[in-house]
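Please go through the fold of this chain, from its overall contacts and surface to the arrangement of its strands and helices. The briefing below is grouped by topic.

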Amino acid sequence: MPFFDDVYAAKLRGNLGLADAESVIDLRGVSRQRALASIQEMLERSRFAAGKSVAVLIDPATPTSGETLFQPVGRLLLEARRKGWVARLTPLPARDGAGFYVALAGRADAG
């Protein structure tokens, strides 16, 4: 976008990343089963606490990596969004690595 500075273009795209998140869950090097359990636990806990933002880091795809955590974790987070547990879900920008920026809805009367 030649008419916008990078900062403003990123805001228009909703390009939220590590610097914008209140906490980070690092799932790099973790098995699929353990990663999904960690995400499920985060979602369950968020239902009883104030909303917050989380950056979820996963291993990037490589030519020999096979399936990454992007699809299974993404599906779990999308399902949580449908249930209203996640207010915002976007992939992390390339500069931050592979993963997701997640804004947890939290409990309305918490916090």
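**Fold briefing**

Of the contacts in the chain with a separation of 6 or more, 70% are accounted for by residues 24 or more positions apart, where contact means heavy atoms within 4.5 Å. This is a predicted model, in which local features need pLDDT of at least 70 and side-chain atom pairs count only at pLDDT 80 or more, while totals for chains, interfaces and linings use all residues. Residues are numbered from 1 along each chain as its sequence is written, and side-chain values use heavy atoms, with hydrogens and water left out.

**Composition and surface**
- The chain contains three helices and four strands, which are DSSP runs (helices H or I, at least four residues; strands E, at least two) numbered from the N terminus.
- Along the sequence these elements follow the pattern α-β-α-β-α-β-β.
- Of the 111 residues in the chain, 33% are buried, that is, under 20% relative accessible area with a 1.4 Å probe, counting protein chains only.

**Sheet**
- The four strands form an open sheet with mixed pairing in the order S1-S2-S4-S3, where two strands pair if DSSP finds at least two bridges between them.
- Strand S1 (23-26) and strand S3 (86-91) are the edge strands, each pairing on one side only.
- Strand S2 (residues 53-57) pairs with strand S4 (residues 99-104) in the antiparallel sense over five bridges, and Val54 has Val102 in S4 as its bridge partner.

**Helices on the sheet**
- Helix H2 (residues 32-46) lies across S1, S2, S3 and S4 and runs at about 15° to S4, with angles taken from 0 to 180 degrees between N-to-C directions of axes fitted to C-alpha atoms, for helices over the stretch in contact.
- Helix H3 (residues 70-83) lies across S2, S3 and S4, running at about 155° to S3.

How values were computed:
Buried means under 20% relative accessible area, exposed over 50%, partly exposed in between (1.4 Å probe, protein chains only).
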